[in-house]
Each structure stands twice: as structure tokens, then as C-alpha cells.
Amino acid sequence: KLDSFLTKCREVVAISTRVNYWVRRVGIQVSSTRSNEEQKRDSRAMADSTPTQEEGTAPPEAAAGTETAEAGAEDNAPASEEVKLVVKNLSYDTTEQTIRDQFAAFGNVIDVFLPTDRYSGRSRGFGFVTLSNKAEADAAIASMDQTELDGRTIKVVESKPKGERESYGGGTGGGARGGGGGTTKLYVGNLSYSTDEDAVRSLFESAGTVTDCYLPSDRETGKARGFAFVTMSRNDANAAIEQFQGYELDGRSLRVNEAQQRGSRGRRY
């Protein structure tokens, strides 16, 4: 009996050992399976929370680079250049506001300037109008040139920067010699005694580059003698003679012709 009892006990121990073995094995597999399933769930959750890239759109980094490039292109885009016009033969009654109102029909008027006589305060008969771009300036010239304003037929041309003035052809009343290089001195007669050097220079600079402007004065009284000498390139001098012969400045009709050296015919200096 004792032997039989011991045999049964050994069988029970063996069975228990096998049961524990399979319990541990099954538990490891269950744990591993759960871990894999949790990892898959975490991966799906992360994918759902990440914004998806729509078809045809650039990644955020590329989009940022594109925005930077576009901003740089806008910064480097050429700005519209302002254009200054010269308005000549104005009435002394014409005001800056009148000119601004007239030219505002063609675009954005940036500035209007009417030079005045320093003593009388009266307009010198010409002015400058600045428009915001070339297209507006061209439209103003086409519409306003040779039109009547306050009883005067005005002339409207573009004011060229120094060194870029164009020739307006041969002059009248004793024009300057030919074209090409070199300079020509002009005699400007019948000036008002109140007209100063700045007024003459400003007027003639609307036709070209003025390299010298001189108003002789009486050595005793110091007053202007009523005439001036203006030196310009030959082409610019031709243009000035054509534009300003008979031009009214400070109430006087100008006489403009080439000044001759002493010993030559014509006006000598």
C-alpha cells in the first residue's frame, strides 16, 4: 500500500509540473500578443493625429521655402518710376492747385511745383508736375500739350535727367551752331530786373544741362542789367533757343540767341 501511495504521489507531482509549464508558456504568448496589439493601436493613433499631406501639395518645408521665394521676388520687383513733367507758358494766375486738378485726371499726382519770383512772389510762368509712372506721364503729355489753361496755350514735356536731355531740333532767331559735342553760350536778353540767376537756370535746365549761368550786374548799383549768359551743350542750346525765344518770364518776352565772341557778328561777350 505504501508503495502504491508513493507511486500516485509521483504521478500527481509530474502532472502538476506539466501543468505549470504549459501555464507559463501560454501566459508568455498572451503577453506577447497583447504587446503587439498595443503597439499597433499606438501606431494607428499616431497616424490619425498627424496631418496628412493632400495630393498635389508641397510638404511644409517646401511650402515655407516657396513663400520665402515669393516674398523675395516681390521685394526684388522693380518699382514704378516717377516721371517729372515741365509745364511751360503758364498764366501768372495759374496756381498749384489748378495744375494738380488738371493732371489728376491722368493718374496719381505726386508733386506740383511752381517757381516764384523771390521779390514779387509771382509765378515765373512755368512749373513741374510729378506723376507716379511713365504711362500716366505719357497720357498727360498727349492730352495736355498745346491746350489752353487760364487763357494760355501751355506746353507739356518730360523733364529729362541731366545727361539724358534730347535735342528738339534747330532753333530760330540765331540758333546755336550745329549738333554734336562742345558747348555753346547763349545770350538771354530782355530780362526783368527782378529775375535772378536761379530763375534763369531753372528755366533753361528744363531744356538740357546748364554748365554755367551768369547775370551781369551794374558795378555801381549792383542791380541786374537785364540780360544773362547761359552755357549748354550745342544740342541742348538748339533746344533752348527753340523753346524760349519769345518766352515770357517774369512779365518780359525773352530774346534768346547764340552769343558771339568779341570781334564776331551778333551779340558779343
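Trainee: Which residue forms a salt bridge with Lys 134?
Mentor: In this predicted model, Asp 138 does, with the closest N and O atoms 3.5 Å apart. A salt bridge here is a side-chain nitrogen of Lys or Arg within 4 Å of a carboxyl oxygen of Asp or Glu.

Trainee: Where do Lys 134 and Asp 138 lie?
Mentor: Both are in helix α4 (residues 134–144), four residues apart, which is about one turn of the helix. Helices (H or I, at least four residues) and strands (E, at least two) are DSSP runs, numbered from the N terminus.

Trainee: Is Lys 134 buried, exposed or partly exposed?
Mentor: Lys 134 counts as partly exposed because its relative accessibility is 40%. Buried means under 20% relative accessible area, exposed over 50%, and partly exposed in between (1.4 Å probe, protein chains only).

Trainee: And what about Glu 158 and Lys 134?
Mentor: Their side chains meet in a salt bridge at 2.7 Å, N to O. That pair links distant parts of the chain, since Glu 158 is in strand β6 (residues 155–158) and Lys 134 in helix α4, 24 residues apart. Glu 158 has 18% relative accessibility, so it counts as buried.

Trainee: New topic: how many salt bridges are there by this rule?
Mentor: The count is four.

Trainee: What goes into these values?
Mentor: Local features need pLDDT of at least 70 and side-chain atom pairs count only at pLDDT 80 or more, while totals for chains, interfaces and linings use all residues. Residues are numbered from 1 along each chain as its sequence is written, and side-chain values use heavy atoms, with hydrogens and water left out.
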